[in-house]
Amino acid sequence: MRLVQPLTVLALLIIVGAILGGGQENPMDQKKTMPLLGNEGPLNRAGQSSPREGKANDLIKPVPVAVSGIAGGLSVYMMRDPSFPRFSQGLVGNDRYLDTRLEGDEWEALFLDVLRCPDVGEVPYLPNESSAEWQERYGFKFQQTIPAYPLLGRIHDLFIYVIYKPEEVGQLRDECLRVQSTTSNEKALATLKKLVRSCDEASKIGSGLLLAPD
Amino acid sequence: MWLVPRKRLGTFVVDLTSTRQCRIPQNPLKGVTGGASGQKDPCAGLKASDLNYGKERFRGYDKDGNAISENGIDHITRRHILLDDPSKGFLTQNKLPILAQGSSKYVFQDNVTTLSNAQNLVVRLNAVVFEAAKDDYSWSRGNIVMTVTFPAIPKSSDEFFAGIGYDLKQGFGTPSNSATLILGRDCREVITAYPGRP
């Protein structure tokens with residue numbers, strides 16, 4: 001009995017030590033890393049005979065990753081003069097990223113599930129139609145479906161820029177509030193809340209909004 | 001050197017979960033305009049050199065109502081190579097973001113000093129992504145989505161090449177080892193590409 005207790009204590013100490021020792025340096029932890037993109041390493045010029053062919057150094061063995069849901073997202077920026085050329089030159093003054101994004105699943109909840117806008121599969125390509133022509137037709141049909149919400153209707157895709165001038169922000173907010181009152185879809189409500197918050201931020205200093213795609 | 005905080009090493013471990021799925025036949029009915037079941041695989045027989053970075057694409061309307069047009073390489077450069085303030089250039093291992101960025105950003109080795117070099121490296125990276133995923137991709141609303149994860153590549157006995165860039169959804173604390181390439185339904189038109197997952 002006398003021996004058991006010290007042994008038990010010792011065992012406990014070892015266990016506790018092992019747990020705390022989790023902080024002990026793992027050899028992997030000591031490794032230094034360098035970004036893959038650079039002139040040194042597997043993507044460098046010398047290591048690749050035909051760069052655009054994708055035949056990189058044999059060391060690169062990427063693993064395809066299964067993805068689900070709608071790809072893409074829109075980042076919300078507040079801009080006093082929201083326009084594509086201005087955005088391309090960089091943000092100035094009070095212009096800034098609002099740390100707000102509309103993700104694919106949120107877009108889906110709001111526009112496809114709640115507002116019942118057509119998804120791309122419901123607007124098939126016409127014979128010989130170019131992708132630009134189709135995009136225009138799809139966007140028109142999308143907006144036609146929600147005539148009461150013309151400003152929300154501009155967000156008909158996740159790979160386009162959407163611009164709201166300062167004088168349109170109030171109307172966008174109003175449209176969001178009206179949709180909010182018609183749905184209990186939590187994801188859509190969260191999305192609308194993000195948009196309303198963005199409108200409020202922009203309105204404080206008379207700015208517009210620019211939604212930029214990934 | 002770009003030291004990786006110990007606690008964050010986990011992010012460099014390749015996520016092997018669910019990577020064995022064959023995803024071409026997945027084609028969810030929602031959002032499919034190309035590659036629907038029974039149709040020819042648009043990526044079949046294509047090579048990375050077939051990727052078209054120069055095709056102008058409709059990207060919405062500007063404030064005056066004029067259509068915005070942008071090709072793939074310009075879009076990738078504007079949104080994912082250059083910082084939100086383009087005059088600040090791009091991220092390198094010793095030039096990391098101070099202000100929150102509005103999109104995922106690639107990170108380059110310090111030896112990358114020109115924009116054209118950075119663009120070329122992203123094109124090469126995308127070529128590797130394409131070749132790895134052209135038989136194993138997903139559809140999203142009529143577009144082709146290719147995402148891959150790069151295992152860390154040994155540089156020397158105590159150094160690795162790892163990290164593609166920062167995934168906005170994960171934050172700017174730990175670089176992501178994944179890269180995403182999004183193509184039009186023809187499997188050639190480059191819509192966008194960025195570090196991280198869709």
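The torsion about the S-S bond of B:Cys43 and B:Cys187 is about 100 degrees, so this disulfide (a pair of cysteine sulfur atoms within 2.5 Å) is right-handed. Its two ends come from distant parts of the chain, 144 residues apart. B:Cys43 lies in the segment before strand 1 (56-61) of chain B. B:Cys187 sits in the loop between strand 10 (178-183) and strand 11 (190-195) of chain B. Strands (E, at least two residues) and helices (H or I, at least four) are DSSP runs, numbered from the N terminus.

This is a predicted model: local features need pLDDT of at least 70, side-chain atom pairs count only at pLDDT 80 or more, and totals for chains, interfaces and linings use all residues. Residues are numbered from 1 along each chain as its sequence is written, chains are lettered from A and ligands numbered from 1 in the order in which they are written, and side-chain values use heavy atoms, with hydrogens and water left out.

Back to the bond. The S to S distance between B:Cys43 and B:Cys187 is 2.0 Å. Over all chains, the structure holds one disulfide.

Now turn to chain A. A:Cys176 is in no disulfide; its nearest cysteine sulfur belongs to A:Cys199, 5.5 Å away. A:Cys176 is buried, at 0% relative accessible area. A:Cys199 is likewise in no disulfide, with the sulfur of A:Cys176 as the nearest cysteine sulfur. A:Cys199 is buried too, at 0%.

Notes
Buried means under 20% relative accessible area, exposed over 50%, partly exposed in between (1.4 Å probe, protein chains only).
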